[in-house]
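Please examine the sequence and the structure shown below. The briefing that accompanies them is arranged by topic.

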Amino acid sequence: MKSPPIIYTLYPPRLCNRDYRSDLVLFLHSNNHKLCFPKMGKIHPMTPTTSSSSASSSSSSSCYITSKREAFTVWMKSLVMQSNGCTVFNEDGEITYRIDNYDSKCSNEVLLMDLRGNVVFTILRKQIFFNFVQKLFRRWDGYKCSNPKPSIEVKRSRRMFRDLSYQVLLRSDNGQTSYYRLEALSGKSAFKITDNNGVIVAEANRKQSSSGVLLGDDVLSLTVEPLVDHSLIMAIVTVYGLIQHRL
């Protein structure tokens with residue numbers, strides 16, 4: 001006779017101490033235990049005013065760039081009960097980013113927020129038709145609050161059909177552009193992001209717990225190289241989650 005599921009009640013964002021806070025949540029989920037979070041209403045994102053967003057643009061962007069390699073745990077689940085989304089933990093097990101889509105999945109508009117509900121990026125899915133062949137072309141644009149133009153544009157690379165790679169156009173606040181490449185690796189969830197020179201700036205693989213247990217394919221270990229804006233990387237990860245129909 002199959003034993004009933006074990007029910008745990010967890011209270012985010014601080015679940016336990018730094019050594020196993022995020023591993024506890026992810027381990028229970030990956031082993032088909034039932035996670036029970038306190039029932040709560042919708043958490044509405046905080047949209048800054050024009051004056052406050054422009055004043056804090058430079059200071060907020062600098063806090064997303066560090067001189068050391070950063071490691072994150074990406075869980076393709078929302079901490080809001082019965083909601084679609086994503087939760088990102090830093091090395092200390094603290095929540096740094098979150099996406100709460102509630103009843104929607106693969107929405108045309110997704111808000112990447114920090115822990116306090118401040119919108120970091122607004123991701124919009126665009127659909128464009130070419131008149132000469134009437135072929136549907138999809139592109140994902142990422143907007144910062146301080147910039148009316150998209151800071152990132154993600155579209156399928158013009159390579160072989162089986163090559164699961166995407167071109168990422170980066171646009172700085174002063175209008176300068178550069179390119180990243182998002183490439184799916186072996187496995188269902190692994191991927192890497194490279195710059196113009198083919199140097200890896202971020203890479204994600206299935207996460208292992210501290211005891212060596214391989215977690216589910218919706219739990220990723222994300223590494224971001226030094227001096228790389230990890231909010232920008234998380235916006236690209238969000239697009240990848242939408243492409244894979246996980247958000």
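This is a predicted model: local features need pLDDT of at least 70, side-chain atom pairs count only at pLDDT 80 or more; totals for chains, interfaces and linings use all residues.

Residues are numbered from 1 along each chain as its sequence is written, and side-chain values use heavy atoms, with hydrogens and water left out.

**Confidence of the model**

- The protein chain has an average pLDDT of 76, where pLDDT is the predictor's confidence in each residue, from 0 to 100.
- A score of at least 70 is reached by 66% of the residues.
- Residues 1-44 have a pLDDT below 50, and this stretch has 68 contacts in the model beyond near neighbours in sequence; a contact means heavy atoms within 4.5 Å.
- Over residues 48-59 the pLDDT also stays under 50, and the model has six contacts for them beyond four places in sequence.

**Helix α4**

- Helix α4 comprises residues 230-243, 14 residues in total; helices (H or I, at least four residues) and strands (E, at least two) are DSSP runs, numbered from the N terminus.
- From its first C-alpha to its last, α4 reaches 20 Å, close to the 20 Å expected at 1.5 Å a residue; the expected span is 1.5 Å times one less than the number of residues.
- Helix α4 is largely enclosed by the rest of the structure, because 14 of its 14 residues are buried. Buried means under 20% relative accessible area, exposed over 50%, and partly exposed in between (1.4 Å probe, protein chains only).

**Positive phi angles**

- Most residues other than glycine have a negative phi.
- L227 has a positive phi of about 60° although it is not a glycine. This residue lies in the loop between β14 (219-224) and α4, and L227 is exposed at a relative accessible area of 64%.
- H245, in the segment after α4, likewise has a positive phi, near 60°. With 51% relative accessibility, H245 counts as exposed.

**Salt bridges**

- Side chains of opposite charge can pair when their charged atoms come close.
- The whole structure contains nine salt bridges, each being a side-chain nitrogen of Lys or Arg within 4 Å of a carboxyl oxygen of Asp or Glu.
- D100 is buried at 11% relative accessibility, and R98 is buried at 10%.
- K126 and D141 form another, at 3.2 Å from N to O. This pair links distant parts of the chain, with K126 in strand β7 (residues 119-130) and D141 in strand β8 (residues 135-143), 15 residues apart.
- K126 is partly exposed at 26% relative accessible area, whereas D141 is buried at 0%.
- K126 and D141 belong to a network of salt bridges that also includes R139, E153 and R171.
- E183 pairs with K192, their closest N and O atoms being 3.9 Å apart; K192 is partly exposed at 21%.

**Strand pairing**

- Strand β10 (residues 165-171) pairs with strand β11 (residues 177-184) in the antiparallel sense over seven bridges; two strands pair if DSSP finds at least two bridges between them.
- Y180 in β11 is the bridge partner of V168.
- The hairpin of β10 and β11 has five residues between the strands, and G175 takes a positive phi near 95° there.
- β11 also pairs with strand β12 (residues 191-194), antiparallel and over four bridges, with R181 opposite T194 in β12.
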